[in-house]
Amino acid sequence: MKTYIKLAWRNLWRNKRRTIITVLSVLFAFFLALVMRSMQLGSYDLMVESAVKTSTGYIQIHALGYWDDKTIDNTFISTDTLEGRLLSTRHITAFIPRLESFALISSGDMTKGIAVIGTDPEKENAISALRNRVIRGSYFEKDDNSVLIGEALADYLKVDVNDTIVLLSQGYHGESAQGAYPVKGIVRFTAPEMNSSMLYMSLTAAQKLYSAPERLTSLSVLLDNKKYIRFVADQLKIINAENLEVMTWRELLPEMVQAIQSDNVSGQFMLGILYVVVGFGIFGTIMMMTIERRREFGIMVAVGMRRVKLAFIVFVETVILALVGIAAGAALSYPIILYYHLHPYQLTGETAKAMAEFNVEPVMPFALEPGFFINQSLVVIILSILAAIYPLTVIGRFKIIPALRGK
C-alpha cells in the first residue's frame with residue numbers, strides 16, 4: 001500500500017501545472033462552502049439564541065393548555081419537587097420563573113396596551129443581560145415595587161425615571177388588577193415592538209398585581225448545549241404532572257423553525273450548484289489527465305503491470321488531490337471562520353434594521369462546528385471518487401497497441 005501511495009504522489013507531480021489547477025479548484029470550492037455554511041449556521045444560532053434568552057427558553061414548562069390560551073387563569077404553582085428536578089437534571093444551566101400577562105399602562109392622558117413580564121431580576125439578567133439594556137435610571141431588585149419600561153414606551157407616555165405609571169388589567173379568576181408604580185429604569189431593545197410595548201417588574205410585584213401569589217405562567221429552561229434539548233425535555237416529561245406541559249423552542253416558535261428550514265434549503269441549493277460546477281471541473285481535469293496518459297498506461301500494462309493495480313494507483317491519485325485540496329481549503333478558511341466567530345461582523349443599513357425587527361442583534365457571527373467541516377469534506381471526496389470512475393473505466397477497456405501509439 002505504501003508503494004502505491006508513493007507512486008501516486010510522484011505521478012501527480014510529474015505534471016505540476018495540472019495538479020496545482022486541480023488542487024486549486026477543490027480548495028476554492030471547499031473554502032467557499034465552509035465560509036457560506038458557517039455564515040448560515042451562525043445566523044441561525046444567533047436567531048435561536050436571541051429568541052430563547054428573551055422569551056421561551058430552550059424548553060418551557062407551563063400549565064396544560066396555556067400555550068393555546070395565554071390567560072392569567074392558566075397558571076401553575078411551582079413545587080420543590082419540580083425545581084429540584086430542574087436543578088439535578090444534566091445540561092440545565094438555569095431556569096427563569098415568569099408571570100406574563102397584558103395590561104393598560106397610563107400616564108396623564110396617555111394610555112396603551114402593553115405586555116407585562118414579572119420575573120426574577122438576577123436570573124433574568126444572568127440569561128438575557130437585561131441590566132446592560134438600561135440606558136437611564138437603574139436596574140430593579142427582587143423585592144422592588146418599581147418597573148422597567150422600553151425607551152419608545154417611555155417617550156410615548158412622556159415619562160422618565162422616578163415618574164409614576166398606572167397599570168390596569170384583570171387578575172387571577174377575575175380579580176381586579178390595578179396599581180401605581182414608579183419607573184426605576186428605561187431600557188432599550190433592538191426590536192421596535194419590544195421597545196414600545198414591554199414592561200418588566202419583579203415576580204413578587206407581578207404576582208401581587210394580578211392577585212396570583214406564587215403562581216407562574218412559565219418556567220423557561222436554559223441549557224449548556226442545544227443538542228441536548230430532546231434529552232432534557234424527555235427527562236422533564238417523566239416527572240411531569242398531569243396539569244403541566246413541557247415544550248421545546250421548536251414547538252413554541254414554529255414560524256422561526258419554518259424560516260430557518262426555508263433559508264437552509266436555499267443555502268444547500270446554492271452549495272449544490274457550487275459543487276456541481278466544481279465537480280465538472282475536477283472531472284474535466286481528470287479526463288484530460290487520462291487522455292494525456294494513455295500511452296503511459298499502455299506501456300505499464302505492456303511491461304506486465306496488472307490493470308487492477310494501475311487503476312488503484314490512479315484512484316489513489318484522485319483521492320490525494322481531493323485530500324490536499326481539502327487540507328488547503330480548511331487551513332485557509334479556519335482562521336477567517338474563527339475570527340468572525342469570536343468577532344462577529346457588524347451589519348448596517350437595511351439589513352440591520354430588518355434584524356432589529358426580530359429583536360436579533362445586527363451582527364453576522366460565524367459558526368464553528370466540526371460537523372460542517374466533516375460534511376463538506378465528505379462531499380468533496382465523493383465528487384472526486386465519482387470523477388475517478390472515468391479513468392478507471394478507460395484503464396479497464398483500452399487496447400494496448402493503440403494506446404502505445406497514443407490513440
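Gln60 touches Ser55, Trp67, Ser218, Leu219, Ser220, Glu245, Val246, Met247 and Leu252, not counting residues up to four places away in sequence; contact here means heavy atoms within 4.5 Å. The model is predicted, so that local features need pLDDT of at least 70 and side-chain atom pairs count only at pLDDT 80 or more, while totals for chains, interfaces and linings use all residues. Residues are numbered from 1 along each chain as its sequence is written, and side-chain values use heavy atoms, with hydrogens and water left out.

- Gln60 lies in strand 1 (residues 59-63); helices (H or I, at least four residues) and strands (E, at least two) are DSSP runs, numbered from the N terminus.
- With a relative accessibility of 4%, Gln60 counts as buried, a term that means under 20% relative accessible area, against over 50% for exposed and in between for partly exposed (1.4 Å probe, protein chains only).
- The side chains of Gln60 and His62 make a polar contact (2.8 Å). Such a contact is a pair of N or O atoms within 3.5 Å; within protein, one must be able to donate a hydrogen and the other to accept it, and residues adjacent in sequence count only if both atoms are side-chain atoms.
- Thr217 is found in the loop between strand 10 (215-216) and strand 11, and is buried at a relative accessible area of 0%.
- A polar atom of the Thr217 side chain lies 3.0 Å from the backbone nitrogen of Glu100.
- Not counting residues up to four places away in sequence, Thr217 touches residues including Ile61, His62, Ala63, Arg98 and Glu100.

**Nonpolar cores**

- The largest nonpolar core has 85 residues, and those with the most contacts inside it are Ile165, Leu167, Leu199, Met201 and Trp249.
- A nonpolar core is a set of buried Ala, Val, Leu, Ile, Met, Phe, Trp, Tyr and Cys residues joined through side-chain atoms within 4.5 Å.
- Helix 2 (residues 16-56) provides the largest share of this core, twelve residues.
- Leaving aside neighbours within four places in sequence, the contacts of Met201 include Val116, Phe140, Leu167, Tyr181 and Leu209.
- Another core, of 15 residues, lies apart from the largest one; among its members are Ala8, Leu12, Val23 and Phe398.

**Second largest pocket**

- The second largest pocket has a volume of about 990 Å³. Grid points are joined across faces, edges and corners, and a volume is the space filled by probe spheres set on the points.
- On a 1 Å grid over the protein atoms alone, a pocket is an open set of points where a 1.4 Å probe fits, with protein on both sides within 12 Å along at least five of seven lines; lining residues have an atom within 4 Å of a point.
- Its lining has 33 residues, of which Asp45, Asn225, Lys226, Lys227 and Glu369 lie nearest the centre of the pocket.
- Helix 2 gives the most to this lining, with nine residues.

**Contacts across the sequence**

- Asp224 is found in the loop between strand 11 and helix 8.
- Asp224 and His91 are 133 residues apart along the chain, and their C-alpha atoms are separated by 5.4 Å.
- Ala311, in helix 12 (residues 307-342), is buried with a relative accessible area of 13%.
- Leaving aside neighbours within four places in sequence, Ala311 is in contact with Leu392 and Ile395.
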